[in-house]
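Subject: Structure for your review

Dear colleague,

Please find below the structure that I am handing over to you. My notes on what was found in it follow directly after it.

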Amino acid sequence: MNTIFDQMMSRYEIKSSDDKNNALHEVMQQITLAGLYRAGFFHKAAFYGGTCLRIFHGLPRFSEDMDFTLLQAQDGFLLENYFDAIQNEFLALGREVVITKKDKLKHANIESAFLKDNTEIYTIGFRTERTIKIKIEVDINPPLEFSTEQKIQLLPFSFATRCMTKSCLFAGKMHALLFRNWKTRVKGRDWYDFEWYIRNYTPLDFKHLQERTKQCNSVDGEFNKSVFIQLLKQKFVSTNIERVKADVLPFIKNPQELHIWSNDYFLQLADMIVFKED
């Protein structure tokens, strides 16, 4: 007899172990959202990032992590208060998960220019398939000037998730693309998402990008639209495009999508950015 979990997995075309792992990750993410919804998490928080874009806007690449932001700063917030709801949601579907909180000291060497001290980081993993894990990060002192909307999911049951709007998601992605600093590593998924936003004519919420930059990064002088475009083009010129492609390949179905990618291609995309009207 097919379970709801089987039904959720059956929506994916699985031809390889990578396909199966990507599908398992995404089903886990959807079940986690359902558990958080039942517990009232989205009264005080919103979902954002690449996984939000994948699940609710059809981004054609898989995404590993789940990023959430509180709607306003809250020092005493604990995601642990929602652990039971998440675990119960998995148990109702016949799966058992373990949720652990990341030790910030072990996380201190992550080479990210915008990893903030006031984020809480957790992982969720199956007890059986121990290699399948998702990371959850919650910003408890978020940059403001963002807007949200309710998005519907039908499985494992019908529920609503509060998400950042696409224009604000675009702003968060531009902040990541500009300021993520992994030294020799490159997160090509940021570039893939940027291309997707441009292709889908998504206006960029520059106010939210300014807020993120003000809170997390030091930029000489005023961070206005022309400075933003200049910094973005510098990033596109100076980054090894082959490393960009190598990072994103495991997460997409059609490698031919990347054939046109070059530094010049992204420079031209930068000129196509449209800003959201105030």
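Helices (H or I, at least four residues) and strands (E, at least two) are taken here as DSSP runs, numbered from the N terminus. This is a predicted model, in which local features need pLDDT of at least 70 and side-chain atom pairs count only at pLDDT 80 or more, while totals for chains, interfaces and linings use all residues. Residues are numbered from 1 along each chain as its sequence is written, and side-chain values use heavy atoms, with hydrogens and water left out.

Overall composition

The chain has 11 helices and 7 strands. Of its 278 residues, 53% count as buried; buried means under 20% relative accessible area, exposed over 50%, and partly exposed in between (1.4 Å probe, protein chains only). Among the contacts (heavy atoms within 4.5 Å) with a separation of 6 or more, 70% come from residues 24 or more positions apart.

Helices H2 and H3

The axes of helix H2 (residues 17-38) and helix H3 (residues 50-57) come within 11 Å and cross at roughly 90°. Axes are lines fitted to C-alpha atoms, for helices over the stretch in contact, and angles run from 0 to 180 degrees between N-to-C directions. H2 and H3 are therefore roughly perpendicular to each other; the classes are under 35 degrees for roughly parallel, over 145 for roughly antiparallel, 65 to 115 for roughly perpendicular, and oblique for the rest. On the H2 side the contact is made by Glu26, Gln29, Gln30 and Leu33, and on the H3 side by Thr51, Arg54, Ile55 and Phe56. These residues divide into 3 nonpolar, 3 polar and 2 charged, where Ala, Val, Leu, Ile, Met, Phe, Trp, Tyr, Cys and Pro count as nonpolar, Asp, Glu, Lys and Arg as charged, and the others, Gly among them, as polar.

Thr51 lies in helix H3 and is buried, with a relative accessible area of 0%. Not counting residues up to four places away in sequence, Thr51 touches Gln29, Ser63, Glu64, Asp65 and Met66.

Gln153, in strand S6, is in contact with residues that include Gln30, Ile55 and Phe56. Gln153 is buried at 8% relative accessible area. In sequence, Gln153 and Ala34 are 119 residues apart, yet their C-alpha atoms are 8.5 Å apart in space.

Thr69 belongs to strand S2 (residues 66-70) and counts as buried at 1% relative accessibility. Tyr48 is 21 residues from Thr69 in sequence, and the two are 7.5 Å apart from C-alpha to C-alpha. Leaving out residues up to four places away in sequence, Thr69 touches Lys44, Ala45, Ala46, Tyr48, Asp139, Pro142, Phe146 and Met164.

One of those partners, Asp139, is in strand S5 (residues 133-139). Asp139 is buried, with a relative accessible area of 5%. The side chain of Asp139 reaches the backbone nitrogen of Asn141 at 3.0 Å.

Cysteines

How many disulfides does a search of the whole structure find? The search finds 0 disulfides, a disulfide being a pair of cysteine sulfur atoms within 2.5 Å. The cysteine sulfur closest to that of Cys163 is in Cys52, at 3.7 Å, which is too far for a bond. Cys163 counts as buried at 0% relative accessibility, and Cys168 counts as buried at 0%.

Backbone features

Most residues other than glycine have a negative phi, and most peptide bonds are trans. The following residues may be viewed with that in mind.

- Leu155 and Pro156 are joined by a cis peptide bond, with omega about 10°. Pro156 is found in the loop between strand S6 (148-153) and strand S7 (159-164).
- Glu145 is not a glycine, although its phi is positive at about 60°. Glu145 sits in the loop between S5 and S6 and is partly exposed, with a relative accessible area of 45%.
- Tyr201 has a positive phi near 55°. Tyr201 lies in the loop between helix H7 (188-199) and helix H8 (206-216) and counts as exposed at 75% relative accessibility.

With kind regards

Notes. Polar contact = N/O pair within 3.5 Å; in protein donor to acceptor, adjacent residues only side chain to side chain.
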